Amino acid sequence: MSVKSFSRLSKYLISYTLILLILVMGTKFMQNKAWFLSIFFYTSAALIFATYTISKKTPGKYLLPGVLLLGLFHIYPAFYSGAVAFTNDSNGHQLSKDQAIEAILQDFKSPIFTDLPIKFKTLVDEKTKRVSIVFEYPAKSYWIANSRTAEKIDLDSLEFDNFGDVEFVNGQKVLANDQVGFYINQIQKLKIEIKGNTSLQPIDLETLEASTPIFKYNKSQDSLTNQLTGEKYYSNDNGQMVSESGELLYPGWKTNIGWRNFTTVITDQQMRTPLLAVLTWTIVNAFLVVSVGFLFGLILALIFNYRHLRSKRFYRTVFIIPLAIPSVLSILVWSGLFTSETGVIDRMFNMSTPWLTDPWWARLAVLIVELWSTFPYMFLISTGAIQAIPSEILEAAEIDGASPVKIFSQIKLPLVARTVAPLLIASGAMALNNFGAIYLLTGGGPTFPNSNGNAGATDILISYTYKLAFNGQEGNNYGLASALSILNFILVGAISIYGLRKMKTMEEIN
Amino acid sequence: MQRLGVGLLAVSLAFLGSIAPAQAAGTLTIWVNSGEEAAYKTASEAWATKNGVTVNIVAKCGLGDCGMSKLGPAGAGPDLFTASHDNTGALVKSGVVTSLSSVIKKSSYPSAVISGVSFNYQQWGIPIAVSNIALATNLALVPSGAPKTWKELESTATSLIASGKASVGIVTHIDGYFMQPFFDSIGGYVFSNKNGSYINTKQVGLNSKALMKNAALMDGWLAAKIFDKANTYDGSNFTNGKAPYSIVGPWSIDGLDKAGVKYEISSIPSVNGGTARAFSGVTAVYMNRFTKNNLLARKYLVEVVQTAAFSKAITKANNSYPANLDAAASVDAKSVSGKFGAYGALCIPMPNVSEMNNVWTYWNNAFADWASGKSKFGAAMDSAAKNLNTALGNK
Amino acid sequence: MRPIAALNAQKRSFWLRKVLWRHLVGMIVLAFSVFPLIWMVSGAFDVTGQISTQSLIPKNRGLYNFTQLFSDSSRPFLIWTRNSLVVAISASVMQVTIGALAAYTLSRHRFKGRKLTLSTILIVQMFPQLLAATSLFLIINTFGKSFALLGLGHQLPLILVFGGSALGVNTWMLKSFFDTLPTEIDEAAKIDGADHFQIFRKIIVPLATPIFVVTFLLSFIGILNEYLITSVILGLDGDKMTVAVGLQQFIYGQYSKNWGPFTAGALLATIPVLTLFIFLQKHLVSGLVSGSTKG
């Protein structure tokens, strides 16, 4: 076989194996009822087949792997989160409605105390392998029950052994103790209801526990009735059973609530006020970080781009050290350094500043740390941009006698800005979502009073959303957090698109 | 070519098929805190062999509710799992745990511990370990040892500060959790919990009558430097002998030993005689409501988890104090662990309701305002209580 | 004065005016730059485990934090390091490869929807994966029900998740760099009979080594740092954690923060990355510097 046809053969082999693998995976997902995943995998297999074996168009061949991964692990989760925004997914609303009703019926029970434990014996139907149990409750009253019914059984049908335990039922022998274990799966599902509103459940392989259920569910009316007080509970529109007097029963269930999460954000006073403050700070913070960081980086680049300065490389290496330290760790170290009065910074400058407890000092602390993380990158790209300025322009300006300030403002700054503009926009987008710097340093900063979800003075939208999801009032509120994530995405996306457009027009002007 | 394709198909199917795990009958899956698998395995071995059950211990817990609120209802949870008791409220409200009221033997545990795993008049977890903070006394500064009464603590501290030997009385973080014993001693509480099994979040006690009456005491102590006015926690004040007392947890012991401090651990005396109660944390085992092996899990809880031997084995392995009374009795009362535990039996468990998320913010802010001098203790707590009530929707 | 002395004097004054102040500025910025690093070193050797030690050279110093770090068998630092390296290296290689392939076609091939693809890539990345953490958790769990190796607690799904962010800002940076390579070399190769993939392999890739190094390094650091999604997918089994997740365990408890081993571990985690940086700084600087020309 020639080399060329061997490589072609191996290419086919690889792609066909891959397609086969993906098809098989898709089928397994289908078996396990993971519909979206199976459809995705089937589609991917088809796309791979189409792109690599049939199509002549080259761009697809380079883009497809990235696009598939992007779709499955970035876009799909985003949509998944988005869908949650329209539900009341939160602490107390994790079950389905059936599960929730069942849980309420199970949990609310009055135990019935008996002098002796209620023992039972197990029978197995030869043909159907279905299990029945026989027990005595109350004294001298015998029952036979299975997963569907429970009925009284005459003493005549029973035969007892020497210990007084049931040995034969209608001539059939009960299971020996060491045999009962094989049927544990059926036994543990038994829920027996007998007259007088008594419910019995096995608590091990030979004992039952009796109790009086407090609630009864009426399926047609969709209502729960409290057997003791007679009070009725109906479903509300937030996935819970509620009585006329407003008492809520837990657990509730997960249900679709439409746009309510979004409207809450606007109408709830406790959310609206802090949210506005957080939004403002998100934008201001990003703007300051990018602009001050860029200026700082640019000025440093100008200073250290000097021809006669040896050891340029030394400074370049040292300045980018902040990039090398894992931010997770460096920011936590910074938070320790900013401790008021006994922290290193206060001791160094002999101050006593409430760095992390006063809103404005906290914001300054956040900006300082963000500046520390950003300036290396800004320094590097500015250096590159300055080096790219054609030297003829600079020489011409010097010959013309322009002052250094004029050279900077009329030539260097605009040219550099135009070159690095797209990178600045990308930095801006990242600064809008810079979770680590905020959360690890101040945790969102001194908290505003009266804020749902503990919004604080240094919170940006993403840290506020995170706190709502995992730390909110009444526990986690994923629905609300997902709604905020969508708003976050729209905000960042809108600002970035605006920035991109502006950049395009700038380029056209120049 | 075709045969190759079929062969590949067969191989990949076999490979993929073998990856999915098989579930055997008579298996119990338990999720535990990372690092504790070995201890659980050893403690369950005898029972597992005797009953022919495979006990599968997996390290998946340690944070919050172990993911149970999502995994349980989806059918992806274990049979049993461990969590710290302050998750009880959230777990019960979400409906992912089974009531263990008829399983637990209340007499095996201190009533405070039972209260920690109680919610809505029922018990939901089997306690294993208890942890809490305690008072540490620097024996170099206070040779007479731990104070038996608040008066003794106060006078020792003030005289040391007056003579210049100490710069502060009690080195402690000034926030709700660490200040709780002092808060308790002057009559404050977070939520009322009359019979220990029902927390009433509609009744907030941050500005209770007793507390408001005694609030001035806190201001006095702050002025006397019993507490650090600047609210800047610096543990070295205690290790360097510049403070007679400190509030410490089991995690601080190593640092103290390394710094070479001679100390004594004790309970915190209350201002009105008796003991000031700090918050204790209870680690407990919970049952997944959606378990497919509820009888087996129940049997394990009754025959293994509730025994003193189990509590002893687990807590020995991870250096904590057993919740089980019999196991606790076997811990050397003179050891540091014993001293923590003795105090712990008198402490109240942290309220296990999810409304606590809101409490911390307002409560901690109030303490910060008081310590920095921004407002008096009574006023700070009063406004915190009002904000909290608004946040919780209490009238 | 003799001419040479005069020249030297002039040189010195020149140096003082034009250069000295730059060194002064440099020292100040240097101090700012390494500030937390110094305290990290200090804290790592402070045996009482304080994060803001009293003095730069701790009073009670020793190697205790390091021994504590390595002696806790439920917190195996070396295993974490191995996990971190496996995940970070595989995921970075994947990111660079996917990014390079995409950047090549976006730079070289004019096709309908090219501009749209570029902007879409940038915009899509703006939905932070962090907020989709719960969704990712449930999705990977669903994977795990069908294929255990792809489920929670395994490294493969984590690497794939990072692969999902491959088409992003990195692609833009790579594309900008490719744009600076003149198309004439492509033409020359085409005349010689090379197809698009051979051009990529034999011409573009060798020339783009500096920018590949940059992209790999930035990805590598980003993934090493990442602990939120990593902890959600890898879970809490001590043997499966990465360094970032594992070190968090020491200070997770609100009241039981164990700064000692945390700082020691942080220091150990920083040293190799820093060394890598210094070794590759030539490539790194030239890559970033040229990656910004033509934006």
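**Chain contacts and domains**

In this predicted model, 81 residues of chain A are in contact with 71 residues of chain C, two residues being in contact if their C-beta atoms, placed from the backbone, lie within 7 Å. Helix 3 (residues 58–84) of chain A supplies the largest share of the side of chain A that touches chain C, with 18 residues; helices (H or I, at least four residues) and strands (E, at least two) are DSSP runs, numbered from the N terminus. That side of chain A has 57 nonpolar, 22 polar and two charged residues (Ala, Val, Leu, Ile, Met, Phe, Trp, Tyr, Cys and Pro count as nonpolar, Asp, Glu, Lys and Arg as charged, and the others, Gly among them, as polar).

Residues are numbered from 1 along each chain as its sequence is written, and chains are lettered from A in the order in which they are written. Local features need pLDDT of at least 70, side-chain atom pairs count only at pLDDT 80 or more, and totals for chains, interfaces and linings use all residues.

Chain B is divided into domain 1 (26–129 + 281–349) and domain 2 (132–279 + 352–392), with bounds from an automatic or database domain assignment. The C-alpha centres of these two domains of chain B lie 30 Å apart. Between them, 23 residues of domain 1 are in contact with 18 residues of domain 2. Helix 14 of chain B gives the most to the side of domain 1 that touches domain 2, with five residues. By class, that side of domain 1 has 10 nonpolar, 10 polar and three charged residues.
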